[in-house]
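Colleague: Could you take me through the salt bridges of this model, one part at a time? I would like to know which side chains pair up and where the partners sit.

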Amino acid sequence: MSLKQKFIHYVSANMISMIGLSLYILADTFFIAKGMGAHGLTALNLALPVYNLISGLGMLIAIGGAAQFITYKSTKNSHDANNVFLHGLVLVLIFGVLFIFTGIAFSSELATILGANKAIHSMTSTYLKFVMIFAPAFMLNNVLSAYTKNDGDPHLAMIGMLAGSLFNIVFDYIFIFPLHLGMLGAVLATGFSPVVGILVLSTRFINHKSTIHLEHMRFKINLVLKTFTLGFPSLINEVSGGIVMLIFNYLILHIAGNIGVAAYGVIVNIYLVIVALFNGIAQGVQPLMGECYAKGDHADLEKVRYHAIILGAIIAFIVYLLMFIFNSPVVSAFNSEHNSALQSLAESGLILYFIAPIFASYNIITIMYLISINQPLPAQLVTLLRGIIILIPAALILSTTIKMTGIWLTLPLTELLTALIAIKIQYHIKRSVH
């Protein structure tokens, strides 16, 4: 395939895959809103940071390992390519056991720490317990998906994600409404979704189409360290969403109470779908940029990066236009109780909050570009700027001075400032690479 055909092939499949992944949570949001109202939305939003942590660790192992895998594969080093994959499976097992133990033993205490009051404590605790019990499945699904893409089969990865998402949507409805399982039903549907994805992705190994083989693992600490180094930006990228939620939940509870958190829950879960599009672009071009860099083809590397940034910008502007025009019906779809306070807060929030994707798309693609050219430290810096260093002070200052308007403007301001810094970093890196 030509470079253009590869770009379309990988990016389209990955964008659809990431939309499918994000629909896990969006489906929960919709059905929980219909079945449990504002209290259910608040409980879900308080529990989501833990899901972000699980997903982030899965992406750390997946992207950190896959970035090494594509380099070894491009240079015909099949033994080390296999070894990186096997190290990833061991890391999934270790983190998975820790999450299962925490979920079983401390879900109630964790719900309290995350801010759940008496009215929503039981729902929050239930969601936390089972999402942590299913943590190994979430992480393994991420790992298998990333390696399948880098092994030349992005469409199977797409099918796996979509199959899991479809399962989640169907069984969200079945568990919450006909079976009346409430929050337990929502989290069970979400938890079994990656299991479906894993079964689909496993067919590549069963049919012997994969270049990856399960062989004796030779433990190398440097492979683990490099996985963590290259995957760290992906971890922070996911966890920063959880950090945003934690901080915003705390600040909003003191400004607008549970209704404010429910309004934020509507906005942030729609935003997750949009960010999934940018993550899809970034993960789609990662194998291409990694291969170009491994082969020393800097001209094609820059073409891939340029096309990814342009595509991200176009999507961001279209999304903002749609949210500006249709903010009222979008919020109404999640406002089953027709709460006027929730409707008003979420409508105004959508218009301001969705300025952020215009700059977030550039930042996400730049981070993946830096990972692909083996520049983990600049990638980590950009990730930390947008996830912690700029965001936290901005949230505290803006929420104190202009209340809920400040909450909605925190993310756009953070992404803008990060993009300006990322442009400068990328310019210097580009000169040094070339």
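Modeller: Lys73, Asp151, Asp153 and Arg204 are joined in a network of salt bridges, and the structure, which is a predicted model, holds seven salt bridges. Side chains of opposite charge can pair when their charged atoms come close.

Another of these pairs is formed by lysine 295 and glutamate 291, whose closest N and O atoms are 2.9 Å apart. The two residues are four residues apart in helix α7 (residues 221-295), so about one helical turn separates them. Lysine 295 counts as exposed, because its relative accessibility is 57% and the cut-off for that word is over 50%.

In helix α8 (residues 298-332), glutamate 302 and arginine 305 are three residues apart and so are likewise separated by about one helical turn. Their closest N and O atoms are 3.0 Å apart in a salt bridge, and here both glutamate 302 and arginine 305 are buried.

Arginine 386 and glutamate 415 also meet through their side chains in a salt bridge, at 2.8 Å from N to O. Because arginine 386 belongs to helix α11 (residues 376-389) and glutamate 415 to helix α12 (residues 391-433), this pair ties together parts that are 29 residues apart in sequence. Arginine 386 is buried, as is glutamate 415.

Note on methods:
Residues numbered from 1 in each chain as written. Predicted model: local features only at pLDDT ≥ 70, side-chain atom pairs only at ≥ 80, totals over all residues. Heavy atoms only, no water. Salt bridge = Lys/Arg side-chain N within 4 Å of Asp/Glu carboxyl O. Buried < 20%, exposed > 50% of the residue type's maximum accessible area, 1.4 Å probe, protein only.
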